[in-house]
Amino acid sequence: MTSTNPSNIKIEIVKNKDKGGEAAYNHIKKEIEKGADVFGLATGSTPEPLYKEIRKSDLDFSDKVAVNLDEYIGIGRDHPQSYAFFMKEQLFAEKPFKETHIPDGLAPEETEVDRYNTILDENPVDVQILGIGTNAHIGFNEPGTSFETKTHKVMLTDDTIEANKRYFDSKDEVPKHAYSMGIASIMAAKKIILMAYGENKAEAISKTVNGPVTEEVPASILQNHPDVTLIVDEAAASLL
């Protein structure tokens, strides 16, 4: 089921996350057919069904570019909980891209931020994949982040650390900082696909779609983007 709202955000309500992965895949396929070359990619459990659909497809990304949203600071690319490791396991090992770019969690802030902003300037994103936090963060842009922000170092909130601790042996092992594309970087994408599943995302989705555009709800800025599709299950859409 597809619907729109006063902000023109397109909403697709699906049965479950697997159907959501199929829906997102169909968007990716159509964008490739229209000439999309640069894909902004996300990590975490939300995009896994999408990456599964891509892996089993015949889509060819060998002439495409991937730029990832974020990376933990303090762990290297070979760490099993790094986002570089995640992307290799979930997508890149089976679907190689011409270029893949992920922030370097071991690089110093004064050089890494500029380096990644340059990469984004040189590779304008055609399609940006997003998840959303329970506090409506996108990327690691937590509530209060300026809408004008480009790539930056962020301090993760307790809520985000709590949500991510399931991937680590203990909460104490979760990195406290990350590099993230800024909100302005995300908004520069030509098309944005945001996926959300589960009742715990319902409030964030409601505020994103129907609430005021405010930096306290980072994803609310998507109301100002010309081409956004939300793919949500019934639970995540329950407050719309």
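## Leu-156 and its surroundings

Leaving out neighbours within four places in sequence, Leu-156 is in contact (heavy atoms within 4.5 Å) with Tyr-72, Phe-140, Glu-142, Ile-161, Pro-175, Lys-176, His-177 and Ala-178. This is a predicted model, in which local features need pLDDT of at least 70 and side-chain atom pairs count only at pLDDT 80 or more, while totals for chains, interfaces and linings use all residues. Residues are numbered from 1 along each chain as its sequence is written, and side-chain values use heavy atoms, with hydrogens and water left out.

Leu-156 is placed in the loop between E8 and H5; helices (H or I, at least four residues) and strands (E, at least two) are DSSP runs, numbered from the N terminus. Because its relative accessibility is 5%, Leu-156 counts as buried, where buried means under 20% relative accessible area, exposed over 50% and partly exposed in between, with a 1.4 Å probe and protein chains only. The C-alpha atom of Leu-156 is separated by 27 Å from that of Phe-92, and these two residues are 64 places apart along the chain.

## The sheet E5-E9-E8

Three strands form an open sheet in the order E5-E9-E8, and their pairing is antiparallel; two strands pair if DSSP finds at least two bridges between them. E5 and strand E8 (152-155) stand at the edges with a single partner strand each, so one side of each has no neighbour in the sheet. Neighbouring strands of this sheet are turned by 25 degrees against each other on average, direction ignored, the axes being lines fitted to C-alpha atoms, for helices over the stretch in contact, with angles that run from 0 to 180 degrees between N-to-C directions.

E8 and E9 pair in the antiparallel sense over 4 bridges, and the bridge partner of Lys-153 in E9 is Tyr-179.

## Aromatic pairs

Rings of Phe, Tyr and Trp (its six-membered ring) pair if their centres lie within 6.5 Å, and planes under 30 degrees apart count as stacked, over 60 as edge-to-face and the rest as tilted. The count by this rule is 7 aromatic pairs. Tyr-72 and Phe-168 form an edge-to-face pair, with 5.7 Å centre to centre and 75 degrees between the planes. This pair links distant parts of the chain, 96 residues apart, with Tyr-72 in strand E5 (residues 70-72) and Phe-168 in the loop between helix H5 (158-164) and strand E9 (177-180).

Tyr-72 is buried at a relative accessible area of 1%, and Phe-168 also counts as buried, at 10% relative accessibility. Elsewhere, ring pairs link Phe-39, Phe-61, Phe-92 and Phe-97 into a cluster.

The buried residues of H2 are Pro-49, Leu-50, Tyr-51, Glu-53 and Ile-54, and what covers them includes H1, E3, helix H3 (83-92), strand E7 (127-130) and strand E10 (191-196). Thr-46 lies in the loop between strand E3 (38-41) and helix H2 (48-55) and counts as buried at 13% relative accessibility. Not counting residues up to four places away in sequence, Thr-46 touches Gly-131, Met-195, Ala-196, Tyr-197 and Lys-201.

Lys-29, in helix H1 (residues 17-33), counts as partly exposed at 33% relative accessibility. Lys-29 and Ile-54 are 25 residues apart in sequence, and their C-alpha atoms are 9.1 Å apart in space.

## Annotated span

In an unreviewed entry, UniProt places the feature "domain: Glucosamine/galactosamine-6-phosphate isomerase" at residues 30-225; UniProt positions are given in the numbering used here, feature names are shortened, and annotations may be inferred rather than shown by experiment. The end C-alpha atoms of residues 30-225 lie 19 Å apart, and the span is 29% helix and 16% strand.
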